[in-house]
Amino acid sequence: MRTPLLASTAALAMLGLAACGSGSGSGGSDDGAIVWDMWSGSQADTDALNETLEIVKKENPDVDVRLQTAPWNDYFTKLTTNMSSGNLACLTSMNGQRLSTYADAFEPLTDADLKTAGISRDDFAPGALDIMTYDDQLLGLPFDVSTMLVYYNKDLIDAAGAPEPKIGWSFDDFEATAQGATTDATKGFAVGLGEFQWMALPIAMSGQQPVGEDGTLALTDPAFADAATWYSGLVTDQEVALPAASASDTGWGENQYSGGNAAMAVDGTWNAVSYLGNDAGFDAGMVDLPTGEAGSTSLVLGSGYGIAKGCENKEAALKVLGSLVGKDAQDAMATSGRSYPARAESQPLYFSSLDKSVRGEVEAAFDAAFADVEAQRSTKDWDKVNTALQPNLVSVYNGQATMTDVLGQTQQQFGE
């Protein structure tokens, strides 16, 4: 059965919103306007951004604010070019998982800056500020928060007679469901290729991130490496998941799940609404990640906005930044169901935007998943690490390489 959704819900873009574009070398436009760079994946996204822009303009009538958008796939290429030429927009958006690579582009925010923006640290949900913090410096303010969930196909699991996932479940429970839901026609789980689509379960199982607390790469940490080997074994040993077809299928696991070919997959909270309204028409559910011997380690993820170094009108930019993450803008994002806001008081509106038939289940899953999240750690070349890992994961899933060897080679290439 297809689960109904709210009528006003806009399609989710990958990882919410954010972007880059061109301004002037001073961090704004040539005529002094404050340029806000975002990404947009569709016309619906652009329409939503323009709605936010209207809120910002209403709250800052004396500031000329201009929105620039670019497709997500073009974002970081343009951002790198703009950084090298000193051509960043005053308000440049950033995906938190990539902040370490682009940290030098942003002006650290002080308490005085937050006061100018009309923002308090207490406005944000616990852990949210970690999204835009690097090397103990707050480099921006988050507009959304996310973490990873296990999504499941209630129809497939019920038809197979497998145990349905429950909040607070263990990895033994996970395996029982994956094995019980595997049939001649479908698999119990779909492995991922994306950064956290595949790392989330090994991190949860081991209680270890693949980057140490000192910021050094730790892919070969014994606990993480063992958990990653278990993960690949879901394909090669337990045979409850199919190997990925190719490295170009970056959304392999998510597509297998949404197409009704696998009973479970791991993906971010940002895709909750789209999975509930999946085109395949199955009844979708969601729960927190399973609990391992070390607990259940989950990461807080998301995106935000920062002030570019070199922005000549920093005071005006700070006021616009305050409006972008202010109550009215965050409430509007939450009530549309587009993304889960970083502002704590706006978060309940996200759930009230959902159909009553799914509202309680979604809220319970989010509450459990965000209960004890920790900040993601990353290295300066984290993007390169993941770019190197992804094609090799395909070889691991196909039994042509071992997870131990792939992690070891990548560690040797990028570790200190």
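Helices here are DSSP runs of H or I with at least four residues, numbered from the N terminus. By that numbering, helix α12 gives the most to the lining of the largest cavity, with 3 residues. The model is a predicted one.

**Largest cavity**
- The count of cavities of 30 Å³ or more comes to 6.
- The largest cavity holds about 70 Å³ of space.
- It is lined by 12 residues, and T52, Y305, L324, A329 and M333 are the closest to its centre.
- Two or more lining residues come from each of β1, α1 and α12 (327-336).
- By class, the lining of the largest cavity divides into 9 nonpolar residues, 2 polar and 1 charged.

**Second largest cavity**
- About 60 Å³ of space lies in the second largest cavity.
- Its lining consists of T147, M148, F196, A200, I203, L289, T297, S298, L299 and L301.
- Helix α7 (195-206) and strand β10 are the elements that give two or more residues to this lining.
- The lining of the second largest cavity has 7 nonpolar and 3 polar residues, with no charged residues.

**Second largest pocket**
- The second largest pocket contains about 490 Å³ of space.
- Among its 29 lining residues, Y134, D135, Q376, R377 and S378 are the closest to the centre.
- The elements that supply two or more residues to the pocket lining are α3 (99-102), β4 (133-134) and β10 (298-307).
- Strand β10 gives the most to the lining of this pocket, with 3 residues.
- Sorted by class, the pocket lining has 9 nonpolar, 11 polar and 9 charged residues.

- Strand β1 (residues 34-39) and strand β2 (residues 65-70) run parallel and are joined by 6 bridges.
- M38 stands opposite T69 in β2.
- Together with helix α1 (residues 43-59), strands β1 and β2 make a right-handed β-α-β unit.

**D113**
- D113 is placed in helix α4, which covers residues 111-117.
- The relative accessible area of D113 is 9%, so the residue is buried, the cut-off being under 20%.
- Leaving aside neighbours within four places in sequence, D113 is in contact with P108, K314 and L318.

Key:
Residues numbered from 1 in each chain as written. Predicted model: local features only at pLDDT ≥ 70, side-chain atom pairs only at ≥ 80, totals over all residues. Heavy atoms only, no water. Buried < 20%, exposed > 50% of the residue type's maximum accessible area, 1.4 Å probe, protein only. Contact = heavy atoms within 4.5 Å. 1 Å grid on protein atoms, 1.4 Å probe; cavity = no way out; pocket = protein on both sides within 12 Å on 5 of 7 lines; lining within 4 Å. Points joined across faces, edges and corners; volume = space filled by probe spheres on them. Nonpolar A, V, L, I, M, F, W, Y, C, P; charged D, E, K, R; others polar. Pairing = 2+ DSSP bridges. Right-handed = clockwise from strand over helix to strand, strands pointing away.
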